[in-house]
Amino acid sequence: KFYVEKHDICKFLVLYDREHFKGTDNDVKTLNRLGFRSIVVKSITDDRAFVINSKFGSKDVTVFVSIQGDFKSINEEIAELVYLKFGCKLKSDHKEIRACLKKLGVESIENLIEQSGVKYLKQAFKGLCAVLEIMEKS
């Protein structure tokens with residue numbers, strides 16, 4: 001609400017770890033409580049990505065939502081990226097991921113992402129990539 005009122009920012013990207021996502025109904029209730037109206041939720045990819053369109057006063061507001069992980073968090077998607085790129089099957093534990101990357105000579109998760117091709121990124125980060133593609137077109 002603050003950004004829409006004070007800074008005229010009307011597009012937002014929200015990332016949830018699966019374990020913290022309470023459903024789009026919860027987001028709609030929150031937006032209603034803050035004064036947003038005419039709220040419409042559109043699913044982009046199954047249960048991983050959504051677009052929420054609404055009005056705040058006379059302004060059109062769009063919230064792009066991406067859900068990270070199948071069960072818990074984005075670490076699951078990072079582990080999937082390591083598997084796709086290097087063939088290493090990992091648990092979605094942050095320390096295990098970093099230790100594996102170190103053994104592979106990859107300095108950080110950021111470097112892993114930079115070194116991975118779009119194909120692998122789209123496979124590992126399905127929801128986020130779908131949302132980013134929609135954002136790019138809008």
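Phe2 sits in helix α1, which spans residues 2–7. In this predicted model, Phe2 is partly exposed, with a relative accessible area of 48%. Together with Tyr3 and Ile9, Phe2 makes a nonpolar surface patch of about 300 Å².

Aromatic rings were examined next. The count comes to 3 aromatic pairs. One of them joins Tyr16 and Phe21. The ring centres of Tyr16 and Phe21 lie 5.1 Å apart, and 55 degrees separate the planes, a tilted arrangement. Phe21 has a relative accessible area of 18%; buried means under 20%, so Phe21 counts as buried. Ring pairs also link Tyr16 and Phe21 with Phe50 in a cluster.

A further pair is formed by Phe36 and Phe56. Their ring centres are 4.8 Å apart. The planes stand at 45 degrees, so this pair is tilted. Phe36 belongs to the loop between α2 (24–33) and β2 (37–45), whereas Phe56 is part of strand β3 (residues 49–56). The pair therefore ties together parts that are 20 residues apart in sequence. Both Phe36 and Phe56 are buried.

The side chain of Glu77 makes a polar contact of 2.9 Å with the side chain of Arg48. Not counting residues up to four places away in sequence, Glu77 touches Arg48, Ile67, Gln68, Gly69, Ala124 and Phe125.

Note on methods. Residues numbered from 1 in each chain as written. Predicted model: local features only at pLDDT ≥ 70, side-chain atom pairs only at ≥ 80, totals over all residues. Heavy atoms only, no water. Polar contact = N/O pair within 3.5 Å; in protein donor to acceptor, adjacent residues only side chain to side chain. Contact = heavy atoms within 4.5 Å. Patch = residues over 30% accessible without salt bridge, like charges linked within 9 Å, V, L, I, M, F, W, Y side chains within 5 Å. Areas by Shrake-Rupley, 256 points an atom, 1.4 Å probe, with all protein chains shown as cover. Salt bridge = Lys/Arg side-chain N within 4 Å of Asp/Glu carboxyl O. Helix = DSSP H or I, 4+ residues; strand = E, 2+ residues; numbered from the N terminus. Buried < 20%, exposed > 50% of the residue type's maximum accessible area, 1.4 Å probe, protein only. Phe/Tyr/Trp six-rings, centres within 6.5 Å; stacked < 30°, edge-to-face > 60°.
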